[in-house]
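Please open the structure in a viewer and keep a selection tool at hand.

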Amino acid sequence: MTRQIAQVAVDNATIHFDKRYSYRIPPPMQGRVWPGSLVLVPFGRGDKPRMAVVLAVQEETQENASPRLKSLWDAAPEQARLTPDLMELVRFLKERTFCTWFEAVRAVIPYGAQYRCTLENGRPVMQNCLNRTTERVYTLAGELPAKPKPGPRQLAAVEALRQGPLTARQLEERGISKPTLDTLCRKGVLQEGRQDRMLDLFASIPFDPQPITLAGEQQHALEALLPDLEDDRPHAALLHGVTGSGKTMVFLKLIERTLELGRKALVLVPEISLTPQMIRRLKSTFGSRLAVQHSALNNTERLLQWRMIQQGNADIVVGTRSAIFAPLQNLGLIILDEEQEHTYQSESAPRYDAHDVAKKRAAIENALLVFASATPRTETYHAAANGKYKLVTLKQRYGERPLPKVDFIDMRAELAAGNPREVSARMAQELQKNLDNGEQSILLLNRRGYHTVGMCTVCGHVLNCPNCSVPLVYHKPQQALMCHHCGHTVQPLPQTCPECGGKLRYSGFGTQRVEEELAELLPQARVLRMDQDSTGQKNAHEKMLAEFGRHDYDILLGTQMVAKGLDFEKVTLVGVLGIDSLLFGQGFRAYENVFSLVTQVIGRGGRAELPGRALIQTTVPGHPVLQLAAAQDYEAFYREEIAFRKFGLYPPFCAFCVAGFVGAQEGAVALAAHRFGTLLAERAARRPHIPMRLLGPAPMNISMLNGKYRYKLTIKCRNDAAFRALLRETLEAYAQEKLPQKASVVLDFNSDGDL
Ligand code: ADP
Ligand code: ZN
């Protein structure tokens, strides 16, 4: 047999040294190692065990053979191998996001499907990160002999299994016990096997398909999209529909057609809080061949769902960002709902945007990709307006329901009148009115905690986190100050200034404080607070939303979690609090984010029979972004925004890359950032046809995080292969000068101006 060599990429590499390494495949492993296989190798001078992924397998020849070549130590079984499709996504992530091979591998497969190294008889071997949970499954292997006369249970078992294999659990539900099954196996009537345990996470949701009749506009949208679903080429479309226009109904019809075509569908939602609602709709319409992938599942659930998909037992997958890597085969449709949400962009390596991965997958699979939103990203709408995506529009709410009527509450007047509360008198009145009418309200305040900051009344000192350059936030239940970045906690609550001993004053409002105000202002109202602190427990979102849906509460108060996608018929009032700080936030997407948040939350009201109204509290009621959001006029907003982007040279008119530098010594970090800029500029000067503008270095908005200093360079460029090659060369040169020891570097193409 000719000998084989595997080229692998190892775990724990830095981006500068993420190379291909060659290993000999020992004879017992030959034929078991493929591109995409996970293997264990001896690495470096000390032969330390490292996990690795195989990139290529070659025959050993005179050129590549070397007596110094080491051999692989172990290889995972074939079913753990990354399919060629997944490997293509791994390659894509590496090329686009400058991550390492193994970071990409970890992104595309869940933790439970990964391996780690352990010792067996003193020898390093691979072990599953999670033990797989399997269950017994029975198949019919022969006929029941007439004698001795079979019992009723035995007959029932054989009868049930005529339709196909069943698990022990399913048979038990039919009253057939293990001894009966064992007897039948001994007689050769049944065969026992093992399969991954199937897990029906949504067993309680009934399969109850209701006929869907689309409204005229929805039908037109569907008809515009169907040809792109039915032909076997990749397509992308933007479904732009006002809030409450019934985009979900169009999705359901598209999915139905996808399944008829024998293909599969992937539905992404921006956050976990929106998955229960989507699952409910899909499960009741399409039944149980539905799988979920999101981070609130525990590792076992996640793995079992993933295997279900991998083994072809799911037709529809719903999930958050990372579900874009779900190993579905024959994918026909990908939907990104609320496509403008920044949660589609990963903020740690690999720093990918699910939009880009979705486009890549649609191209690989010849699928239709649908971006959907009432307030699309400016870039997405621009692409649609220029014919790169098909633009499909829903202008009307379903059932000709009017959009909510929006009013402003001028907080300058409130302040002048001496109201110390965040909830204005007018807002309180309107909430009361809703309460009296038995209707529900949603209040948005995008700030969690109780007070925002503590400041000394004498010297003006602000209580900052010692590890991060941000103020600490008071959390009432814990009676503590907490850092929202590193979790640093100060207890008991300081009363005097650590600098001068002066009296501290706490000011600003978070959701916890507003919850308390509401209790004072509207003592009979049942208030449900929903933010990161109140939804820590498993299934908390689902439970809370279900309770609000049952009208166990009158007011839903929360952060951006309450703004999007929710559909409750009794909500007729939406209130927006504390929006101004976002309006004056940094980053070139600040206006887009405010427009989207306000439009979306307003859109939660008046979605059924009862008309809705909305109130926005602000000190700048005349601000054009708020005015446009109140009018829910996306096109007008887009025209303003695209002009601003063009004038300031921002996406979509260029790519926007932030290079972040992080290290322990401030001076060294600043110098390293500066040197990176020089290295890049030198290389760019040699290739004048590659357009580029370089800004900085400058400290990041949060200049210290977890005790490390942070600087950034801002690069406006064209994100193409030529430019990425330039960046790669610069990274190498940076590593050559041993600068990563002074400041690690990350590159992010999805940033809003900062990391
Ligand atoms: P969007 O996602 O566009 O904001 P939804 O899909 O949530 O809107 O639809 C808004 C409301 O209108 C939902 O309660 C939905 O059930 C209802 N609806 C929309 N289209 C239809 C339809 N064709 N038939 C029945 N109800 C519909
Ligand atoms: Zn901190």
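In which helix is His220 found? Select helix α6, residues 216-230, which holds His220. The model on display is a predicted one. His220 has a relative accessibility of 57% and therefore counts as exposed.

**Two helix pairs**

Select helix α7 (residues 247-260) together with helix α8 (residues 275-286). Their axes come within 11 Å and cross at roughly 45°. This angle makes α7 oblique to α8. The crossing of α7 and α8 is right-handed. To view the contact, display the side chains of Thr248, Phe251, Leu252, Ile255, Glu256 and Leu259 in α7, which meet Met278, Arg281, Leu282, Thr285 and Phe286 in α8. By class, this contact of α7 with α8 comprises 7 nonpolar, 2 polar and 2 charged residues.

Now move to helix α1 (residues 84-97) and helix α10 (residues 354-365), which pack at an angle of about 140° with their axes 11 Å apart. The helices α1 and α10 are therefore oblique to each other. Their crossing, that of α1 and α10, is right-handed. On the α1 side, select Asp85, Glu88, Leu89, Phe92 and Leu93; these meet Asp356, Val357, Lys360, Arg361, Ile364 and Glu365 in α10. The contact of α1 with α10 divides into 5 nonpolar and 6 charged residues, with no polar ones.

Which residues of helix α14 are buried? Select residues 511-521 and look for Thr511, Gln512, Arg513, Val514, Glu517 and Leu518, which are buried in α14. These buried residues pack against α13 (425-436) and against several strands: β19 (440-445), β21 (473-475), β25 (527-530), β26 (555-558) and β27 (571-577).

From Thr511, proceed to Arg447. The C-alpha atoms of Arg447 and Thr511 are 6.2 Å apart in space, while the two residues are 64 apart in sequence. Arg447 lies in the loop between β19 and β20 (453-456). With 26% relative accessibility, Arg447 counts as partly exposed. Leaving aside residues up to four places away in sequence, Arg447 touches Thr452, Phe509, Gly510, Thr511, Thr559, Gly578 and Ser581.

**Aromatic rings**

How many aromatic pairs are there, taking rings whose centres lie within 6.5 Å? The count comes to 19 aromatic pairs. Among them, select Phe644 and Tyr650: the ring centres are 5.7 Å apart and the planes stand at 35°, so this pair is tilted. Tyr650 also pairs with Phe656, again in a tilted arrangement, at 5.9 Å centre to centre and 45° between the planes.

**Backbone exceptions**

Most residues other than glycine have a negative phi, and most peptide bonds are trans. The last selections depart from these patterns.

Where does a cis peptide bond join Lys147 to its partner? The bond runs to Pro148, with omega about -10°. Pro148 lies in the loop between β8 (134-140) and α3 (152-161). A cis peptide bond also leads from Gly696 to Pro697, with omega near 5°. Pro697 belongs to strand β30, residues 692-705.

Select Asn12 next, in the loop between β1 (4-10) and β2 (21-25). Asn12 is not a glycine, yet has a positive phi of about 65°. Its relative accessibility is 63%, so Asn12 counts as exposed.

Conclude the tour at Glu400, in the loop between β17 (390-394) and β18 (405-410). Phi of Glu400 is near 55°, a positive value in a residue other than glycine. Glu400 is exposed, with a relative accessible area of 66%.

Note on methods. Residues are numbered from 1 along each chain as its sequence is written. Chains are lettered from A and ligands numbered from 1 in the order in which they are written. This is a predicted model: local features need pLDDT of at least 70, side-chain atom pairs count only at pLDDT 80 or more; totals for chains, interfaces and linings use all residues. Side-chain values use heavy atoms; hydrogens and water are left out. Axes are lines fitted to C-alpha atoms, for helices over the stretch in contact, and angles run from 0 to 180 degrees between N-to-C directions. Helices (H or I, at least four residues) and strands (E, at least two) are DSSP runs, numbered from the N terminus. Angles under 35 degrees count as roughly parallel, over 145 as roughly antiparallel, 65 to 115 as roughly perpendicular and the rest as oblique. A crossing is left-handed if the near helix is turned anticlockwise from the far one by less than a right angle, and right-handed if clockwise. Contact means heavy atoms within 4.5 Å. Ala, Val, Leu, Ile, Met, Phe, Trp, Tyr, Cys and Pro count as nonpolar, Asp, Glu, Lys and Arg as charged, and the others, Gly among them, as polar. Rings of Phe, Tyr and Trp (its six-membered ring) pair if their centres lie within 6.5 Å; planes under 30 degrees apart count as stacked, over 60 as edge-to-face and the rest as tilted. Buried means under 20% relative accessible area, exposed over 50%, partly exposed in between (1.4 Å probe, protein chains only).
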